[in-house]
Amino acid sequence: MCQMRIRDFGINIGNLELGTKNSITDVHGVTVGHVTLNEGPIQTGVTAILPHQGSIFEEKLIASSHVINGFGKTMGSIQLEELGTLETPIVLTNTLSIGTAADSVINFILRDHPQIGRTTGTVNPVIGECNDMILNDIRAQAVKKEHVLQALTEATTHVKEGSVGAGRGMVCYSLKGGVGTSSRIIRLPHGSYTIGVLVVTNFGQLSDLKIGGQPVGIQLAEIQKGEEGTDKGSVMIILACDLPVTDRQLNRILKRCSAGLARTGSIISNGSGDIALGFSTFTKIPHNPIGRPLSIASIHEEEIDHAFRAAGEAVEEAVLNSLTAAEPVTGRDGNYRASLRELMQSYGITLKG
């Protein structure tokens, strides 16, 4: 089945130039892998983001995290925030599989780095999660180490969206949520740079949904007659860029991801774990001292508004792509979530660009 994206409906989000694939993998070196588990009550999976194709442990990246709302169980963000560097791939999965995902990332890194735990320190796996218990039998803990390792080893620059990977069992705006991605190009006097976003969407009430500024959710909620439920979900936002930034500047950019969420209608509710993790590939930080001061390039603060705008636009579009690309899913106890595309087509609702 051909996956449709929000632009296929004639809706163009924002004004900035898109990356070639309109994907997080427009940032050179970034790859994404999914493993999807789809069998009866098991509707879940794993999504892995590899920040570059070298040794991420030996060549760490400038990184940061931002908690928009902290009802979540993210692992590794404390060290990420303290040191400002990323040293492993980022893995996303369901809430009760974060331990398995962490073990798998640790094994993945240990395999090629015999010095860890011997002549150097340990390693900080970064794992994000959302609760997919509506559609997935989360108590079964179906995600295994081999699934995580498969997602890591099969990562490519082609990113599938919708009901795949970590997004398989997710519910967004009371509809079928999932994985979405988007990217933007910003042009500064010293060069052109890419900001890419990948989201796993599991938040929002249907009546709040806005698409391109249109309050589509109100009409859909009236049709659904009170079946929209409450907003107790989460969203994981992974932002990649090749922009020269410090971890402090990157943290400022991550804070603007909430603008993109808000434009889709999110109120960032009490029971939602809304977490943004980000990294820049521009500067690589060696694991061992090199005997001289490190040089970390950064943009001027007067230039950062371009990145703020790009982050907001890319998050907004990635969320909407997760909805339009998703297929309907029936999971645990017969629980069902329709896709946005299915619902709009059934009731003859059209979007206007």
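## Before we start

Two residues are in contact when heavy atoms of theirs lie within 4.5 Å. The structure above is a predicted model, in which local features need pLDDT of at least 70 and side-chain atom pairs count only at pLDDT 80 or more, while totals for chains, interfaces and linings use all residues. Residues are numbered from 1 along each chain as its sequence is written, and side-chain values use heavy atoms, with hydrogens and water left out.

## Thr31 and its surroundings

Let us begin with one residue. Thr31 belongs to strand 1 (residues 31–39); helices (H or I, at least four residues) and strands (E, at least two) are DSSP runs, numbered from the N terminus. Which residues is Thr31 in contact with, leaving aside its neighbours within four places in sequence? They are Thr25, Ala48, Ile49, Leu50, Gln53, Ala155, Thr156 and Thr157.

Two of these deserve a second look. Ala48 is 17 residues away from Thr31 along the chain, and the C-alpha atoms of the two are separated by 8.2 Å. With Gln53, Thr31 makes a polar contact from side chain to side chain, at 3.2 Å. A polar contact is a pair of N or O atoms within 3.5 Å; within protein, one must be able to donate a hydrogen and the other to accept it, and residues adjacent in sequence count only if both atoms are side-chain atoms. Thr31 has a relative accessible area of 7%, so it counts as buried (under 20%; exposed is over 50% and partly exposed is in between, with a 1.4 Å probe and protein chains only).

## Strand 5 and its partners

Ala48 also leads us to strand 5, where it stands opposite Val91. Strand 2 (residues 42–50) and strand 5 run antiparallel and are joined by three bridges; two strands pair if DSSP finds at least two bridges between them. Strand 5 is also joined to strand 6 (residues 126–130), by five bridges, and these two run parallel. Here Thr93 stands opposite Glu129 in strand 6.

Is strand 5 (residues 90–94) enclosed or open? Five of its five residues are buried, so strand 5 is largely enclosed by the rest of the structure.

Now for an open sheet of six strands, with mixed pairing and the order 4-3-12-11-10-9. Its edge strands are strand 4 (85–86) and strand 9 (178–188), each pairing on one side only. Strand 3 (residues 59–70) runs antiparallel to strand 4, with two bridges between them, and Leu61 has Leu86 in strand 4 as its bridge partner. Helix 5 (residues 247–255) packs on this sheet and touches strand 3, strand 11 (234–241) and strand 12 (273–286). The direction of helix 5 makes about 35° with that of strand 3, where axes are lines fitted to C-alpha atoms, for helices over the stretch in contact, and angles run from 0 to 180 degrees between N-to-C directions. Helix 7 (residues 304–325) packs on the sheet too, touching strand 9, strand 10 (191–202) and strand 11, and its direction makes about 155° with that of strand 9.

Strand 3 also runs antiparallel to strand 12, with eleven bridges joining the two. Nine of the twelve residues of strand 3 are buried, which leaves the strand mostly covered.

## A closer look at the helices

The buried residues of helix 5 are Gln249, Leu250, Asn251, Ile253 and Leu254. Their cover includes strand 3, helix 1 (77–83), strand 11, helix 6 (257–263), strand 12 and helix 7.

In helix 7 you can find Thr324, which is buried with a relative accessible area of 1%. Its side chain reaches the backbone oxygen of Met4 at 3.4 Å. Leaving aside neighbours within four places in sequence, the contacts of Thr324 include Met4, Phe9 and Leu340.

Finally, look for the rings. Tyr173 and Phe203 form an aromatic pair that is edge-to-face, 5.2 Å centre to centre with 65° between the planes. Rings of Phe, Tyr and Trp (its six-membered ring) pair if their centres lie within 6.5 Å; planes under 30 degrees apart count as stacked, over 60 as edge-to-face and the rest as tilted. Both Tyr173 and Phe203 are buried.
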